[in-house]
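Colleague: Could you take a close look at one part of this model for me? I'd like to hear about the salt bridges.

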Amino acid sequence: TRSLTLTSVDQSTFERAQGEKVTLPCTFELSEEDEGPLDIEWVLIPADNQKKEQIIIMYSVNRVYNHFYAGLTGRMQFSHLDPKSGDGSLDILNLKAEDTGTYQCKVKKAPGVQSRKIQLTVFVKPARTKCSIEGSQEIGKDVTLKCVSQEGSPLLSYDWRRVSGTQNLPATSVLNKNTGELLLKNASREYSGIYNCVASNRVGTDECSVELNVTPPINTAGIIIGAIIGTLLGLSVLCSIVFCLCKKHKEKKYEKEVHHDIREDVPPPKSRSSTARSYIGSNRSSLGSMSPSNMEGYTKTPYSQVPSEDFERAPAQTPAFAPSKVAAPNLSRMGAVPVMIPAQSKDGSIV
């Protein structure tokens, strides 16, 4: 029995770059025997056979339903405004890497049913490609130029070329297109220049550049000796500064201790008045210990020489003595101690 047929059978595989648009074809022709309602479904077949198919968009009873698959919401639509006219192709906008998969178009109009599978692969263009140099850039050394893309779907291919000079890679160079490494053996001055790397895959390319400067070997011994001498000089200066600071700190500390230190075992200095009292007290002790026999020397001294107003007399008068004793002169003003002086009676005896 003749029924509907799918006419878009020319291409079953599509490759696109991320961010682009793709149209998955699904055209058909109806038969006079197909009298039931028309249904058009697009489903996503998972890579795991254990999982069920996921409906992503459907046309049924003159109405479109596109809310089944959140991953494509807002990015898919039927190519024709009226799919029942015979065109049920699907447009997917702003492609992403996760859109890669197997899509199937199903057309139903009883009693006819037809379906078709299409493989879609979304590639990511190479992007953020960086070039670098690994190894010593000295004459006679081996140096490696590296090229890596931070983004990009496999399989990526890398190719190096020389921009400056002869624009040809050195004869000793070894290129690995899969890893992006360019090995330059036994480098010489002629190897110096700008090198360019091109990363590519099926949907795009990206580039980066690096400058190689091959120089004579560096005198490492002189650098090491200079570094050692500089370090020793720096240490000596640092030690001198620390020594001076410590010495100054100790001197200040010693001055502070001497200034504020009070010896408890040393008595305070005597005042003049206490010294005078000590002297007078000693004289009192000496005079008090004397007996009448050893005071003869003191009696021979005339009292006229003592500067006391109690003993002042006229030159013509003779001092009168008391019958028993003579009053002591007032020596308090002189700071002296009164002393008892023996006297003679009328008969010449000592009283």
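Colleague: Which residue forms a salt bridge with Glu-207, and how far apart are the closest N and O atoms?

Modeller: That would be Arg-161, with the closest N and O atoms 3.6 Å apart. The two sit in distant parts of the chain, 46 residues apart: Arg-161 is in strand β14 (residues 157-162) and Glu-207 in strand β18 (residues 204-212). Strands here are DSSP runs of E, at least two residues, numbered from the N terminus. A salt bridge means a side-chain nitrogen of Lys or Arg within 4 Å of a carboxyl oxygen of Asp or Glu. Arg-161 is partly exposed at 44% relative accessible area, and Glu-207 is partly exposed too, at 43%. (Buried is under 20%, exposed over 50%, partly exposed in between, with a 1.4 Å probe and protein chains only.)

Bear in mind that this is a predicted model, where local features need pLDDT of at least 70, side-chain atom pairs count only at pLDDT 80 or more, and totals for chains, interfaces and linings use all residues. Residues are numbered from 1 along each chain as its sequence is written, and side-chain values use heavy atoms, leaving out hydrogens and water.

The structure holds 7 salt bridges. One of them joins Glu-151 and Arg-128 (3.6 Å, N to O), linking strand β13 (residues 143-151) to strand β12 (residues 127-134) across 23 residues. There, Glu-151 is partly exposed at 35%, while Arg-128 counts as exposed at 53%. Salt bridges also link Glu-134, Lys-146 and Glu-181 in a network.

Conventions
Helices (H or I, at least four residues) and strands (E, at least two) are DSSP runs, numbered from the N terminus.
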